[in-house]
Amino acid sequence: MGLQTLTEPTVLDATLRHLSRTALPKVLQVQQGIVRATHAFMFKKGLTQLMPLMLSPITDPLNHGVVDATIGYADQRWSLTKSMIFHKQLALLNPALDSLYIVSPNVRLEFADRAATGRHLFEFTQIDFEFKNKDRFFVMEFMEELVNFVFRCLNEEIPEVLLELRGELLPQYEKWAVHRTEKLEETYGPDYERIVSEQATEPFWLLNHRREFYDKEDPKKPGTYLNYDVIWPEGFGEGLSGAERENEYQQIRKRMAEVGTSEETFAHYLEVARTQGLPRTAGGGFGVERMTRFICRLQDVDEVTVFSRKPFTTAAF
């Protein structure tokens, strides 16, 4: 009776069906190839790999709500990592570090309204990277080169898998189109990202989002933000989020006040900004599962996972 309660048959059956899918091993080959090629690219470019942190007193506040994921430990509140954005910036305080990357597990306990998007998981892996004294133009070129490198590697290493899953080998993209959020919203309305993604045949950049306090506001154009997203084509949506970072103490406080972020939570981070100064950095992070979904042309990003992590669903494991 107790076992029946713990593993209700319908939940267990669904979980076993999910991990027994015949296409899964080939999808995992693609995902493995993405990570393997990314490591090679980062080594070639001279970035230093950091190990991920799963708990911290501070983490990404995000620009949308999620279920709280904190625990008490050592007389302190610790959050499960939503992203390592602040740790990237702080690590580059080390004068000998100029660039870094992290294969970072992220936990974002999304609400039920994200369960049917096809793009969201409550636990996923993001490859984060950050550069000291670089700007958004450098990062955008870096990501475009990375995508083409990864796609070439997959074409060379597992062509038969790609042909089976997506029906063709992966393309090499020239210079990507660049769009601004305010222009697209003016043309297409609030659902502009989905509409333009569905129309597109190649990835494109989307600039100037109003979101978290750490995305740098253009000092020459207040109200304009030096951030950028990669949007996958064919309706697959956002694949990377990045920005130049706020690093000046008073500007960080101003932006925190604008978006309603607690200064108390980030007291130590603010103290570093005030007393030592934070480095000028720019970077981003792309979702491994979302890239895999795009490459394999899967309907839902949860099809990439061995154990389902679809928001607000019940699983046995």
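1. A salt bridge here is a side-chain nitrogen of Lys or Arg within 4 Å of a carboxyl oxygen of Asp or Glu. Keep in mind that we're looking at a predicted model. With that rule, the count comes to 27 salt bridges.

2. Start with Asp 128 and Lys 88. They form a salt bridge, with the closest N and O atoms 3.1 Å apart. Asp 128 sits in strand E6 and Lys 88 in helix H4 (residues 85-91), so this pair ties together parts that are 40 residues apart in sequence. What about burial? Asp 128 has a relative accessible area of 3%, so it is buried, and Lys 88 is buried as well, at 1%.

3. That pair doesn't stand alone. Lys 88 and Asp 128 belong to a network of salt bridges that also takes in Glu 130, Arg 211, Glu 212, Asp 215, Asp 229 and Arg 245. I'd have that set of side chains on screen while reading the rest.

4. Now the strands around there. E6 (residues 123-132) pairs with E5 in the antiparallel sense, over nine bridges.

5. On its other pairing, E5 runs parallel to strand E1 (residues 48-50), and three bridges join the two. Which residue of E5 is the bridge partner of Gln 49? That's Tyr 101. As for cover, strand E5 (residues 99-107) is mostly covered, with seven of its nine residues buried.

6. Next, Glu 217 and Lys 254: another salt bridge, this one with the closest N and O atoms 2.8 Å apart. The pair links distant parts of the chain, 37 residues apart, with Glu 217 in the loop between strand E8 (204-207) and strand E9 (227-232) and Lys 254 in helix H9 (residues 249-259). Are the two partners buried or exposed? Glu 217 is buried, at 9% relative accessible area, while Lys 254 counts as partly exposed, at 35%.

7. Glu 258 and Arg 255 both lie in H9, three residues apart, or about one turn of the helix. The closest N and O atoms of this salt bridge are 3.2 Å apart. Arg 255 is buried, with a relative accessible area of 0%, whereas Glu 258 counts as partly exposed at 35%.

Key:
Residues are numbered from 1 along each chain as its sequence is written. This is a predicted model: local features need pLDDT of at least 70, side-chain atom pairs count only at pLDDT 80 or more; totals for chains, interfaces and linings use all residues. Side-chain values use heavy atoms; hydrogens and water are left out. Buried means under 20% relative accessible area, exposed over 50%, partly exposed in between (1.4 Å probe, protein chains only). Helices (H or I, at least four residues) and strands (E, at least two) are DSSP runs, numbered from the N terminus. Two strands pair if DSSP finds at least two bridges between them.
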